[in-house]
Amino acid sequence: MARDKGRDNPARAKRQRKLRREVYVFTEGAVTEPGFITFVTENGTRKEPGHEIVCKVENRSAPTKRRKPLPLVEEAITKWREVQRAARKAGIGPDDWNWPQVWCLFDRDQHEDISTAFSRARREAIHVAYSHPCFELWRLLHYQNYTSTFAGVCDSAADMLKQQSGFAQTYGPTIRSVSPEQAKQIMPGQLSGRYKTAQRYAERLARRHAGRQDQNGWDPYTDVWRFVEDGLDVSDY
């Protein structure tokens with residue numbers, strides 16, 4: 001009886017089985033960024049729907065002092081070395097789709113260690129999604145293009161976000177104003193159907209800073225969309 005050569009082909013078997021990628025994330029924010037990740041993983045349109053993404057926010061219970069860029073990167077490096085060893089032991093290599101990823105999501109804010117954090121992350125192959133002045137810029141770009149400097153003041157971006165038509169309404173018709181605590185919460189109605197707009201505006205901002213090495217001067221800037229697409233394997237939401 002003739003053998004089914006395809007059945008014995010390891011390369012074909014590898015292509016056919018469902019792959020699982022583990023993504024570990026360290027976030028500066030304790031509320032907004034984890035909420036955003038939950039929203040995207042639950043509502044995003046996957047680029048590879050036949051494969052699985054398992055995303056975990058590693059520092060959910062971290063104290064405030066550990067939620068700054070350089071400590072985030074240092075903790076991410078420790079995790080990255082651990083997951084690399086486990087992946088190689090499981091026969092997964094850097095060229096495989098399911099090679100694990102470790103990301104840091106942090107802002108410029110008033111931090112003094114941005115350049116060092118970037119340098120350490122680059123040297124250790126840690127992925128970074130960076131926003132200047134803060135993550136609220138990424139949320140704002142879902143509503144409008146914004147190209148003027150914030151002078152590093154995050155409150156200005158947050159105030160503009162709360163003024164956007166449709167933003168406050170997601171909290172219910174009885175709310176006349178949105179508190180800072182409420183504004184940190186990610187509501188699906190604030191983001192759904194707006195991803196392509198935010199991505200387009202963010203890419204335009206990135207082109208303005210092309211070739212500039214000092215991340216402290218990238219005002220305004222956000223590349224959270226890279227995390228959405230390259231980390232979470234999502235093309236839209």
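Visitor: How far is the sulfur of C104 from the closest cysteine sulfur?

Guide: First, a heads-up: this is a predicted model, where local features need pLDDT of at least 70, side-chain atom pairs count only at pLDDT 80 or more, and totals for chains, interfaces and linings use all residues. Residues are numbered from 1 along each chain as its sequence is written, and side-chain values use heavy atoms, leaving out hydrogens and water. A disulfide here is a pair of cysteine sulfur atoms within 2.5 Å. The closest cysteine sulfur to that of C104 sits in C55, too far for a bond, at 12 Å.

Visitor: Which cysteines do form a disulfide?

Guide: The structure holds one disulfide. Its sulfur atoms are 2.1 Å apart, and the pair is C134 and C154.

Visitor: And is C134 buried or exposed?

Guide: Buried means under 20% relative accessible area, exposed over 50%, and partly exposed in between (1.4 Å probe, protein chains only). C134 has a relative accessible area of 1%, so C134 is buried.

Visitor: What does C55 count as?

Guide: C55 is in no disulfide. Its relative accessibility is 24%, so C55 counts as partly exposed.

Visitor: How far apart are the end C-alpha atoms of helix α9?

Guide: Helices (H or I, at least four residues) and strands (E, at least two) are DSSP runs, numbered from the N terminus. The expected span of a helix is 1.5 Å times one less than its number of residues. With 14 residues (195-208), α9 should span 20 Å, which agrees with its end C-alpha atoms being apart by 20 Å.
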